Amino acid sequence: MGVAFTRSATAWLRQRLRASEAVLILLAVVIGGAAGLLSVVQGAVAHLLQHLLFALPIGQRLSATPAIPVLALLALPLGGGALALFSWLTRARSRHMVDAVEANALHGGRMSWSDSLVISGQTILSNGFGASVGLEAAYAQLGGVVASVAGGWFRLRRADLRILVGAGTGAAIAGAFGAPLTGAFYAFEIVIGAYTPAAIAPVAAASLSGVFVAQALGAPSYLVDATVGEQVRTHHYLLYAGLGALAAGIGIVLMRAVAEVETLSRRLPLRASWRPILGGVLLMPLAWLTPQVLLAGHGALHMDLEYGVPLSFLAAIFVMKSAASIVSLGFGFRGGLFFASLFLGSLLGQLYAGGLGWIAGQSLIAPDNAALVGMAALAVAVIGGPMTMAMLVLEATHDFALAGATIAAALVASTIVRETFGYSFSTWRLHLRGETIKSARDVGWVRMLTAGRIMRKVERATPAAMTVAEFRRSFPLGSTSRIVLVDDEGRYAGIVQTASAFAEGATPGDPVGTLAIHRDQALAPDADIKTVMAAFDKAGADEMAVVTGGGHVLGILSESYVRRRYAEELDKAQQEMFGEA
């Protein structure tokens, strides 16, 4: 009786979730709270490791300490060893682990609990032992997987599951930063890939819930405590646009540098699992010069903004922090560049303001304002999400004029990176792995719609050696328009248009294979629908055969049918995205 009641209640709840937006919002609130809680827990574990390993006073951040004892620096290669051991125990290098962006782009929001826990563990170890990476990737991963697992259990539609995954990751970021608008726009721009009416309420509710839970637990906020300098004037927008362009170039260089160092580290005569140990050794001299290069840089960012240090010092910190982040990620430490790019951007903004002032002989823009705008612009260049970073500045300063200048710089940076590079840091890493996605927009249905799935099967192909006379008897006019031919070994030999066999110039005694077209043009069964349409365009064909790697015929596709199926599926995806289905 109890089991039957539970099943009935579960079925009812699943039905309500699929039918009611209000119930989906309530589920998003629960998931947002769970994401906020997990962010607090992960942050606490990483900070505990830092305090134990580096003997930090209560409330002190590692990147804001004056100096680190030489013996304590050994924690960096020790952390590389701990990460290597953890990765070996969890077989992390032998499995393909999916993050929230890839899950929403290719897998309809489906994520794995076990893989997400591995990613979280790797990130916590990397950050906890002092590597120059942030925890935001871990926060987003567990926030996303909570949503994915819950949505899978309730059997949500693909579009609803993607929204819920975005809501979970956004809530995790919102809880960590104490910034609900930032978290919500992170979900829209980074994880869902679009602003949609159907997503607004669940994402907003989850972000608010994540912030509420994190603050109720007393977690320190990552939100930048900043004050606005002089009032932003109209001509400042042009100066900040220049800062956005500079940030775009530096962001591209930073992302490419990580990839190049990673490639070089793989060529070293060293086992892959030991690369983080060497990375930790390389970080030691940088950390000895200044602890500001370690972790994501929360303490260092606040300290540099508060005390107004010389430009030469800022430039040195910028170079060393960039090098530390590149080494950390290039040598196998796990984490992201979210807050690291904010820190570097704040340094860039101050350097930009100082450089303009030196050239002009007077201050043109306030260094504090430039630091905030540069912070957002470089983060947009690396992470993406212009509105996400603009909301971060708005929630930190409550100044709409500076937020407007931030949007201008962020859009310049975003446009330049998109036009000249085409990737954010997360999608760039996927590109290096062989994926082609450039955002979290749902393209998974494109990959599922392959030539092998939509072809018309050819049960028995026609021998190319058959004479034209035999062909006429077997396939009278009007019976079919196209016939696929095979050679004596059963391999694809082209397509014959039936009408061509009945043309006046066709000799009855000749092999019908002499009339074949598209002999060297065929489709692979795993080719997705966009690849298929491109092949039709290139070949100028109306029909093409689907052929295995060994040349055996599986089926045939017509261009008109392919384009109709693509239009139907695209329309269906858009309807689901905007809640019209």
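Is D537 buried or exposed?

Guide: D537 is exposed. Its relative accessible area is 52%, and the cut-off for exposed is over 50%. Keep in mind that this is a predicted model.

Start with the partner of D537. R563 forms a salt bridge with D537. The closest N and O atoms are 2.7 Å apart. The pair links distant parts of the chain, 26 residues apart. D537 sits in helix 23, residues 529-539. R563 sits in helix 24, residues 559-577. R563 counts as partly exposed, because its relative accessibility is 33% and that class runs between 20% and 50%.

Now move to another salt bridge, between R482 and E543. The closest N and O atoms of R482 and E543 are 2.5 Å apart. R482 lies in strand 3 and E543 in strand 5, residues 543-547, so the pair ties together parts that are 61 residues apart in sequence. How covered are the two ends? R482 counts as buried, at 18% relative accessibility. E543 is buried too, with a relative accessible area of 15%. Both values pass because buried means under 20%. Salt bridges that share partners join R482, D542 and E543 into one network. The structure as a whole holds 8 salt bridges.

The backbone oxygen of R482 lies 3.3 Å from a polar atom of the T480 side chain. T480 is found in the loop between helix 21 (468-474) and strand 3 (482-486). T480 is partly exposed, with a relative accessible area of 27%. Set aside its neighbours within four places in sequence, and T480 is in contact with F475 and T498. The C-alpha atoms of T480 and A499 are separated by 9.3 Å. Those two residues are 19 apart along the chain.

E395 is found in helix 16, residues 386-397. E395 is buried yet has no salt bridge. The nearest side chain of opposite charge is R61, 16 Å away. A salt bridge needs the nitrogen and the carboxyl oxygen within 4 Å. What does the side chain of E395 reach? The side chain reaches the backbone nitrogen of L181, at 3.0 Å. The surroundings of E395 include that residue again. Not counting residues up to four places away in sequence, E395 touches A179, P180, L181, T182 and L223.

H398 is found in the loop between helix 16 and helix 17 (400-420). Phi of H398 is near 60 degrees, a positive value in a residue other than glycine. H398 is exposed, with a relative accessible area of 65%.

H518 has a positive phi of about 55 degrees, although it is not a glycine. H518 is found in the loop between helix 22 (498-501) and helix 23. Its cover is another matter. H518 counts as buried, at 18% relative accessibility, whereas H398 is exposed.

Finally, step back to the whole chain. There are 24 helices and 6 strands. The C-alpha atoms fill a box of roughly 95 × 70 × 55 Å, taken along the principal axes. Buried residues make up 55% of the 581 residues. Among contacts with a separation of 6 or more, residues 24 or more positions apart account for 74%. The chain exposes about 25200 Å², and carbon and sulfur atoms supply 62% of it. On charge, there are 42 positive and 38 negative side chains. The centres of the two sets lie 7 Å apart.

Definitions and conventions. Residues numbered from 1 in each chain as written. Predicted model: local features only at pLDDT ≥ 70, side-chain atom pairs only at ≥ 80, totals over all residues. Heavy atoms only, no water. Helix = DSSP H or I, 4+ residues; strand = E, 2+ residues; numbered from the N terminus. Buried < 20%, exposed > 50% of the residue type's maximum accessible area, 1.4 Å probe, protein only. Contact = heavy atoms within 4.5 Å. Polar contact = N/O pair within 3.5 Å; in protein donor to acceptor, adjacent residues only side chain to side chain. Areas by Shrake-Rupley, 256 points an atom, 1.4 Å probe, with all protein chains shown as cover. Lys, Arg positive; Asp, Glu negative; His and termini not counted. Charge placed at Lys NZ, Arg CZ, Asp CG, Glu CD.
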